[in-house]
Amino acid sequence: MEEGYIPISRKLFEHPFWSEKREFSYAEAWIDILRLVRFEANSTKMLIGGKAVEIHRGEYPASLRRLADLWGWSKNKVDKFLDLLISEGMITKRTAEGTKQTIITVCNFDKYNIIPKNPGQLAGQNRDNVGTTSGQRRDKSNKDNNINNINNNIPPTPQDGDVASGKTWRDDFDIYLSEVTEAFEKISSDKEFIKNRQKYHPELDIVLSLKKAFEDYWSQEAGWKRKKISKTKNIDWVSTFKKALDQPQNKVYKQRNVNPEPEQLTPLQERFRKFLEDNGPLLLKMPSQPTDQEVESLAKMNKSMLTDIVRKINNDSYITRYKNSVYQTIMEIKKKEYG
């Protein structure tokens, strides 16, 4: 039995055994690619970054971020795996014209998903997706039934140029992710936009704040689900990112230009530094030791509360990832958790 194949129902991929969160093996990742690529005989069109992109049988608009999430891998591991598949002649990659979207194509895809050559059967499938030609009614052999079971989901061929029949950002997270990534890259590199926003948020690092909003929310499925609640057809990303700068969780404050060396610290700053050495050494790597005025403000806080906040920050790399000032970070956590 070295030749042939084993037909597997696509319902396998809905089973808890498959959907269990885990780190995929290379074999599982390869099977998942065979699942994700388009298996229908006809091509379709998807709206990606405002462009109609044609997706053929055996192709998939790949997102490293999406595949990494599905497989429990890093994006770097996904990228290396795809390179391995290319070197082994198992897939090819192309960039969709007019976009930055990567399309992967499985080589020799027909070997994995065979389409029957019986024209009567295909005609029946196009009419009612089951196959009702007179020949099929007469011929009930196991062989024909097995072939029909594998291929009875081939839909009618859409009309040329029928973009509406393809998926949009509402239907597919990968399409949404492609659009928001393109929008973020465009907005974050728009010097005029950054300059304009800086006038209203002089204390913020605008680019890092936009990046935080993008990475932590809008590029995630939570952001996609939020956008799907609205009835809009095309997302206004400029307005979305403007509003994101007003949200406290997205704000990344500018680093101060001058960081005093330890020997230049005032007595108040030195005492606070020793407090951080005992309770939150990670905070010492953050920019800007509090000024005397800020230290005095912190000294008015209940000491147990301050210690608790400092330790929480020290133990949470998420909070310190964007390197706000020590004082600003402490005050944000205080306001969030203690009011």
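Five bridges join strand β4 (residues 91–95) to strand β5, and the two run antiparallel. The model described here is predicted, so local features are reported only at pLDDT of at least 70 and side-chain atom pairs only at pLDDT 80 or more, while totals for chains, interfaces and linings use all residues. Residues are numbered from 1 along each chain as its sequence is written, and side-chain values use heavy atoms, with hydrogens and water left out.

**The strands around β5**

Helices (H or I, at least four residues) and strands (E, at least two) are DSSP runs numbered from the N terminus; two strands are said to pair if DSSP finds at least two bridges between them. Buried means under 20% relative accessible area, exposed over 50%, and partly exposed in between (1.4 Å probe, protein chains only).

Arg38 lies in the loop between α2 (26–36) and β1 (44–48). Its relative accessibility is 16%, and Arg38 therefore counts as buried. Contact means heavy atoms within 4.5 Å. Leaving aside neighbours within four places in sequence, the residues in contact with Arg38 include Ile55, His56, Glu59 and Phe109.

Asp246 is found in the loop between α12 and α13 (267–279). Asp246 is partly exposed, with a relative accessible area of 46%. Beyond its neighbours within four places in sequence, Asp246 is in contact with His201 and Lys251. Asp246 and His201 are 45 residues apart in sequence and 8.8 Å apart in space, C-alpha to C-alpha.

The table lists polar contacts of these two residues. A polar contact is a pair of N or O atoms within 3.5 Å; within protein, one must be able to donate a hydrogen and the other to accept it, and residues adjacent in sequence count only if both atoms are side-chain atoms.

| Side chain of | Partner | Distance |
|---|---|---|
| Arg38 | Glu40, side chain | 3.3 Å |
| Asp246 | His201, side chain | 3.4 Å |

**Helix α9**

In helix α9 (residues 191–200), Phe193, Ile194 and Arg197 are buried. These residues lie on the same side of α9 because they cover an arc of only 95° around the axis, the arc being that of the directions from the helix axis to the C-beta atoms. Lys191, Glu192, Lys195 and Lys199, on the other side of α9, are exposed. The buried residues of α9 pack against α8 (173–188), α10 (206–218) and α12 (237–244). At the start of α9, a side-chain oxygen of Asp190 reaches to within 3.1 Å of the backbone nitrogen of Glu192.

**Nonpolar cores**

A nonpolar core is a set of buried Ala, Val, Leu, Ile, Met, Phe, Trp, Tyr and Cys residues joined through side-chain atoms within 4.5 Å. The largest has 30 residues, and those with the most contacts inside it are Tyr176, Val180, Leu210, Trp218, Trp237 and Phe241. The elements giving two or more residues to this core are β1, β2 (51–55), α8, α9, α10 and α12. Of these, α8 gives the most, with eight residues. A second, separate core of 23 residues includes Phe13, Leu82, Ile91 and Phe109.
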